[in-house]
Amino acid sequence: MKKQIVLIFLILTILAFSSNSTFLTYTIGQNNKWKITQDAYLVSEIILDDAGLYYPEDMYLKDGKLYIADSGNARILVYDLKTRETTEIGSWSLFTPTGVFVDDNYIYVADIGMSEVVIFDKEGNEVKRIGKPKSILFGQYTKFKPKKLVVDKRGNLYIVSEGSLDGIIQLDRNGEFLGYFGANKVRITALDKFIDLFYSKEQKERILTRAPKPYYNLAIDNKGLIYTITQKEHGDAIKKHNTLGNNILYLSRLDSMVDEANFVDITVDKDGRIFALTETGLIYEYDQEGNLIFSFGGRAIAYDKNGLFSVASSIEVDDEGRIYVLDREKGIVQIFNPTIYATLIHKALNLYIQGKYLESKSIWQDVLKYDGFSSVIHNGLGKAYFQEGKYKEAALHFKVAYNKREYSDAFWEIRNQFLQENMKIILIILFLLLAFFEIGGRILKKKNIKLKIQIKNKLLNDILYLKNLLRHPIDSFYYLRKGTHGSVLSASIIYALFVLVVVFDYMGRSFIFNLNTSERSVGYVVLSIIAPVMLWVFSNYLVSSINEGRGTLKNIYIFTAYSAAPYIIFQPFIILLTYVLTYNESFLISFGSFFVISWTIIVLFIGVKETHDYHLKGTIGSILYSIVWILVIVLVFSIVYMLWDQIFETVYGIIQEVLYRVR
Amino acid sequence: MKKLKKYMHWILLSPYLTLFVIFILLPIVVAIYLSFTYFNAIQSPRWVGLQNYVNLFTRDEIFMQKVLPNTIKFSLIVGPGGYILSFILAWLVAQLTKIPRTIFALILYSPSLTAGVTMAVVWRVLFNGDQQGYLNALLLRLGFIDKPIQWLQSPEHLLTIMIIVSLWSSMGVGFLAMLAGILNVDETLYEAAYIDGIRNRLQEIIYITIPAMKPQMLFGAVMSIVQTFTTAGIGVALSGTNPTPQYAGQLIVNHIEDYGFLRYEMGYAAAVSVVLLLIIYLFSRIAWKLFGDN
């Protein structure tokens, strides 16, 4: 009986995790990492495998008909998805059609071979040809190579011209040049500026190509907003332009979209979700803000499989959410149907945008059963809870989704609620505490009592001497050198404290302010602190013993430990502060850390100066020499290590050889 | 006669005391009283207890999300920054001979005198939002930006510009006091210190100059604290709008003006003022601790 249950369970798990799909669907999971999720789309059928398509470049879906720019055969193929009939357009008038767009009345074809845009009516009769704009603004020598195009509701054409660096060419319905639209930006780095200082004009012209990247493809949504893709970009390959041409896609502006450098086509569905296709056949689906929902598909490497592509060239999506992908190499179109999982997610996203938070919440909760660790789902659920005013649940989900910004907002509300409930008590307690200390201080002063705890233990006293470094660093370093305070043991304990604080700083910050170091091991952090500090002590000793420094190795060991005083004393408070602050007040954390660290460096500087009795110049020199020495030591050590490694390997090899022969 | 003598000091003090009570003590007491009431300047104040304070810290999202972080950021940089700058410049100027010293002191002091005029003449031209603005023109020519930035209207830049302008005009009364303090340090002290083993200017400053001019340092610190926390007009003057774009340059005093004189919620405005008073008092106490002579 027991065996049977186990067997059933096993079969169930296999069933649950197996799929009849040939490719995997990925999404973003915990810690912003890729993870495999349930299948979002499945290939339902393959069409046009007998239509004789030869290097088709573009495809457009309108009113149940697929318009395919069949470049190799110089025609536009129209395929009716219902009747499954094909018709041809422009077989006698086109040369190399690479882009096609259809509006209510006309079919627009970008023909790169003839450098013209050809317009047909729905029956296939040629209506008009638009050649290179004659306007002076366009430029006499500028090339007009229309590759892809879209048309807005007023009949304005937006054309991606091959090799055009100025952006999208915008023409009105008569072919008059209206201007360029939203060019990409050139990024000039500090390195470029540096090079500029040295290169002559001729050299710059010859070597440097600082042209903006051209757009590769474009799409238009039903609101008339233009979407573009740029190849070889990371973080902002996809852009959504307003009518001015500025990028308004939030994540893309931040350069933090999850994207690919080889996108070839983009399309937008009726709800504003973005689908982008790479040449290798990967399909990326984004929500309206540019968050990745799914990534699926891929390249067919050894043999053909449904859902994989040789060279993908165009993507379209219909109102039911079916995705059509054109394979240029094989000349076929594959149709992907959304699964229940994908449909549910789409529905929830739409409901959220419409403001129906409660309804979207219940769907999100359903979807959570499919995949418990998907960022998209937890984000959606968190937002729904947030709108509902359940901030604690929202914070929980945002944390799983690794959405720090939204988590910070939710946390702000939680903190605010807490303050609202307890403000009166807090105010009264604060007032009482203040009064208590004020009156207490007055009384003590009047009666001339000094509250000072005398500690007899020398070691404890030495460790507590740390606090003197804050107010009187110069005097304290003098006494440390004299040996009145401080010992090797106390210094070692302070080093341990320092390491503890650094580890706490790395690992112990709150979720909002953590340094993304969850995978780093404590040992690694400890080693990366102790090694430089000990190297510093040693090399500073070497340098100062040549440069008439007064300090002995022991002195240097002790003063270095004590100069970490500001960090050891104040940084823990800053770390604790991260637990009550949000992004709103993040300035306090960064400013505080900056302040503490600069203070520590200043104290260290004073320490070098006082311990070795240097002038200002000597101090700076000593510090720089020490740093150079550290580098030299590291270099020598790594060379020796490599050599030893070689010797060891040789000896090991000989021994192996001998053992082998003997046997 | 004897009785009169007993109260003589009160009579002598009375001119000052009357003025102090009327112009300082009374307003503070009234403000503290009003902060516990609802008062709209028409009806008589209605007692609401701690409600204003509770609202301030829990319901007023603009105060907690914008105004308070702005004020803290502004005063943390401008306060100590301006103070240190004043001291360094005062010390540098003090090294000069008399006539250049006077000229430089005047030059450095003038920004705090002429803030209103220079705001229009210098800063708004420098940070002008079109390509004629000096900064925009410079950046455009160097190729760092490809279109002019609306420096004074953009929420990202306004506070930074406010900080820069405030630092520039922070050489006020505190600066003059410190200059006088440095010049007043007894020369013989330096000589004695050099005999005792002081060897460079840094040690001179730390061991002689600063201890000898503690009163002026304290004065300068208190002045800079009060000044930074009560700065109000600068964001409005720069951006030309009140409230500043997306509350980016809104400081506590702006908030008080907003509630007091635009919305006529005097009680609430009074509560904000009392909080401001407490903040200033707290920081002054810290300054006393650092520089006071007990």
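Author: Happy to; what follows is a set of questions about labels in this predicted model, each answered from its values.

Reader: What makes A:Glu45 and A:Arg84 a salt bridge?

Author: The closest N and O atoms of A:Glu45 and A:Arg84 are 3.0 Å apart. The cut-off is a side-chain nitrogen of Lys or Arg within 4 Å of a carboxyl oxygen of Asp or Glu, so the label applies.

Reader: And why is that pair said to tie parts of the chain together?

Author: A:Glu45 belongs to strand 3 (residues 41-47) of chain A, while A:Arg84 sits in the loop between strand 6 (75-80) and strand 7 (86-89) of chain A. These parts are 39 residues apart in sequence, so the pair joins them.

Reader: How do you know whether A:Glu45 is buried, partly exposed or exposed?

Author: Its relative accessible area is 30%. Buried means under 20% and exposed over 50%, with partly exposed in between, so A:Glu45 is partly exposed.

Reader: What can you tell me about A:Glu88 and A:Arg75?

Author: They form a salt bridge, and the closest N and O atoms lie 2.6 Å apart. A:Glu88 is in strand 7 of chain A and A:Arg75 in strand 6 of chain A, so this pair ties together parts 13 residues apart in sequence. Here the two partners fall in separate classes of accessibility: A:Glu88 has a relative accessible area of 45% and is partly exposed, whereas A:Arg75, at 8%, counts as buried.

Reader: Why are A:Asp505 and A:Arg509 called buried?

Author: The limit for buried is under 20% relative accessible area. A:Asp505 has 8% relative accessibility and A:Arg509 has 14%, so both values pass. A:Asp505 and A:Arg509 also form a salt bridge, with their closest N and O atoms 2.9 Å apart.

Reader: How many salt bridges are there over all chains, and which residues are linked in a network?

Author: There are 30 salt bridges over all chains. A:Asp269, A:Lys270, A:Asp271, A:Arg273 and A:Glu285 are linked in a network of salt bridges.

Reader: What makes the phi of A:Leu48 worth a remark?

Author: Its phi is positive, about 65 degrees, although A:Leu48 is not a glycine. A:Leu48 is placed in the loop between strand 3 and strand 4 (56-62) of chain A. With 4% relative accessibility it falls under the 20% limit, so it counts as buried.

Reader: Where is A:Ala74 found, and what is its phi?

Author: A:Ala74 is in the loop between strand 5 (65-70) and strand 6 of chain A. Its phi is near 50 degrees, again a positive value in a residue other than glycine. A:Ala74 has a relative accessible area of 15% and is buried.

Reader: Which residues touch the most other members of the largest nonpolar core?

Author: A:Phe294, A:Ile323, A:Val325, A:Phe336 and A:Ile345 do, in a core of 85 residues. Helix 13 (residues 488-507) of chain A gives the most to this core, with eight residues. A second, separate core has 48 residues, including B:Tyr83, B:Met171, B:Ala232 and B:Ala287.

Reader: With what is A:Val325 in contact, leaving aside neighbours within four places in sequence?

Author: Its partners include A:Met59, A:Leu277, A:Ile283, A:Phe309 and A:Phe336.

Reader: What makes A:Val628 part of a nonpolar surface patch?

Author: A patch residue needs over 30% relative accessible area, and A:Val628 has 47%, so it passes that cut-off while counting as partly exposed. A:Val628 lies in helix 18 (residues 616-662) of chain A. The patch covers about 1000 Å², and A:Tyr625, A:Trp629 and A:Leu659 are among the other residues that make it.

Reader: Finally, how is chain B built?

Author: Chain B has 15 helices and two strands. Its C-alpha trace spans about 85 × 70 × 30 Å along the principal axes. Of its 294 residues, 41% count as buried. Chain B exposes about 16600 Å², with carbon and sulfur atoms supplying 70% of that.

How values were computed
Residues numbered from 1 in each chain as written. Chains lettered and ligands numbered in written order. Predicted model: local features only at pLDDT ≥ 70, side-chain atom pairs only at ≥ 80, totals over all residues. Heavy atoms only, no water. Core = buried A, V, L, I, M, F, W, Y, C linked by side-chain atoms within 4.5 Å. Buried < 20%, exposed > 50% of the residue type's maximum accessible area, 1.4 Å probe, protein only. Helix = DSSP H or I, 4+ residues; strand = E, 2+ residues; numbered from the N terminus. Contact = heavy atoms within 4.5 Å. Areas by Shrake-Rupley, 256 points an atom, 1.4 Å probe, with all protein chains shown as cover. Patch = residues over 30% accessible without salt bridge, like charges linked within 9 Å, V, L, I, M, F, W, Y side chains within 5 Å.
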